[in-house]
Amino acid sequence: MFHDLNISNDSKLKAGETHLDSLRKRLELCSELGYEVVALNNTVVGKIGQNNVNPFRKLDIPDVSDKGFRKSFRVLSRLTIVVEDISQNYELNANNPVVASYDILAVQPTSEKLFQAACGTFEVDIISLELSTRLPFYLKHSTVGLAIERGIHFEISYSACIKDSTARRHLISNAINLIRVTRGRNIIISSEAQKAMELRGPYDIINLCSLFGLNQASARDCLTVNCRSVIYHSETRRNVHKGVVSVNAVGDLKSHEEWKTGEESSVIAMEL
């Protein structure tokens, strides 16, 4: 199952085209190209405000039964925060209603200090870097290792290399470096497409990854297995407090799990 976890909310519109038309074209093409799970991404620079609540809920996002979409096609929502200050870390928690309104949470650190904080302490699912330009800091194995241990993934977005030759050189160089320091672990590949023409099929992306130093099996994992891990990590982050306690409604428990309520203990005691 192929994933693209970054379909940009920013659109490059043609004459007479609406924002919803642009999104739908990209989603239809994703389905046609073979993707089964995509995430619509809303990027916020700086602090989060109430006006940043998930905008995709108000849109007429296609249902899986819509003509032109695969039956298994699934649309998620994602929030990417361009972090400019370390204090923004306090906003990145499941109790924040804005953050909770999205399925996936990503950050884009703008300095080495913020990158270290994102790897070591930020409760996020994805760390996204602007790889199409010269990075303002060096990537170190010791730093990215902290994120990998915590189940956080790093993102490589390819659409920039389609637009500009300079961006292409930076992207290839930075991607090679990122894969070197991560040793190919916890990498996802996405498009960050602002229009349909910037999308490419999964097997084209797998071939592109050879330029980054990935073999075909590892490249395929960047579009499948690793993306599923991001989604699982997101579900855990939103449903588990402090990484220890998982909260479920009593009505959601199965018959063999009813002992968790403590009511069965008295029955067992009487039987003994």
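Student: In what order do the 7 strands of the open sheet stand?

Tutor: This is a predicted model, in which local features need pLDDT of at least 70, side-chain atom pairs count only at pLDDT 80 or more, and totals for chains, interfaces and linings use all residues. Residues are numbered from 1 along each chain as its sequence is written, and side-chain values use heavy atoms, without hydrogens and water. Strands are DSSP runs of E with at least two residues, numbered from the N terminus, and two strands pair if DSSP finds at least two bridges between them. The pairing here is parallel, and the order is β1-β2-β3-β4-β5-β6-β7.

Student: Which strands are the edge strands?

Tutor: An edge strand pairs on one side only. The edge strands are β1 (2-8) and β7 (187-190).

Student: Which residue in β4 is the bridge partner of Arg78?

Tutor: Strand β3 (residues 74-83) pairs with strand β4 (residues 104-109) in the parallel sense over 6 bridges. In β4, the partner of Arg78 is Ile104.

Student: Is Asn174 buried or exposed?

Tutor: Asn174 lies in helix α6 (residues 165-182), a helix being a DSSP run of H or I with at least four residues. Buried means under 20% relative accessible area, exposed over 50%, and partly exposed in between, with a 1.4 Å probe and protein chains only. Because its relative accessible area is 10%, Asn174 is buried.

Student: Which residues does Asn174 touch, not counting residues up to four places away in sequence?

Tutor: Contact means heavy atoms within 4.5 Å. With residues up to four places away in sequence not counted, Asn174 touches Leu131, Thr133 and Leu135.
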